[in-house]
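I opened the model today to look up a few contacts and the overall build. My notes follow.

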Amino acid sequence: MRLQDHTIGNALRMELLRDENVLFAGYRIPHMLFAEMEVRIRTSLKSSPQMALLSANKRLMESGITMLHELENELQRVRADKDQ
């Protein structure tokens, strides 16, 4: 993965570990001057690393969208309260 850092690495790792078929999930940034991240995933025979990564990515995206909607709703509420 390119142009990623510890923020997305930790989030992805934690989401992968929520999958019961993931036995190991880790990442590393080989060199701090290069925006690259290596991800390692080991799964049970019921899944594959590719499937686990796709599922974790989808859940992270859905979580991000949910947080964005909640933030927008809260901002609208605060603005409405301020106008009154």
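Leaving aside neighbours within four places in sequence, which residues is glutamate 15 in contact with? I found Ala56, Arg59 and Leu60. Contact here means heavy atoms within 4.5 Å.

Note on the source. This is a predicted model, in which local features need pLDDT of at least 70 and side-chain atom pairs count only at pLDDT 80 or more, while totals for chains, interfaces and linings use all residues. Residues are numbered from 1 along each chain as its sequence is written, and side-chain values use heavy atoms, with hydrogens and water left out.

Glutamate 15. I located glutamate 15 in helix H1. Helices (H or I, at least four residues) and strands (E, at least two) are DSSP runs, numbered from the N terminus. Is glutamate 15 buried or exposed? Glutamate 15 counts as buried, because its relative accessibility is 8%. The cut-offs are under 20% relative accessible area for buried, over 50% for exposed, and partly exposed in between, with a 1.4 Å probe and protein chains only.

Alanine 56. Alanine 56 has a relative accessible area of 0%, so it is buried. Beyond residues up to four places away in sequence, alanine 56 touches Leu12, Glu15 and Leu16. I also checked glutamate 38, 18 residues from alanine 56 along the chain; their C-alpha atoms are separated by 16 Å.

Core. Which residues form the largest nonpolar core? I listed 7: Leu12, Leu16, Val22, Ala25, Ile41, Ala52 and Ala56. Helix H1 (6-17), strand S1 (22-28) and helix H2 (49-83) each give two or more residues to this core. Such a core is a set of buried Ala, Val, Leu, Ile, Met, Phe, Trp, Tyr and Cys residues joined through side-chain atoms within 4.5 Å. Not counting residues up to four places away, valine 22 touches Leu16, Leu17, Ile41, Arg42, Thr43 and Ala52.

Whole chain. I noted 2 helices and 2 strands, running α-β-β-α from the N terminus. The C-alpha atoms fill a box of roughly 55 × 35 × 15 Å along the principal axes. Buried residues make up 19% of the 84 residues. Of the contacts between residues at least 6 apart in sequence, 43% join residues at least 24 apart.
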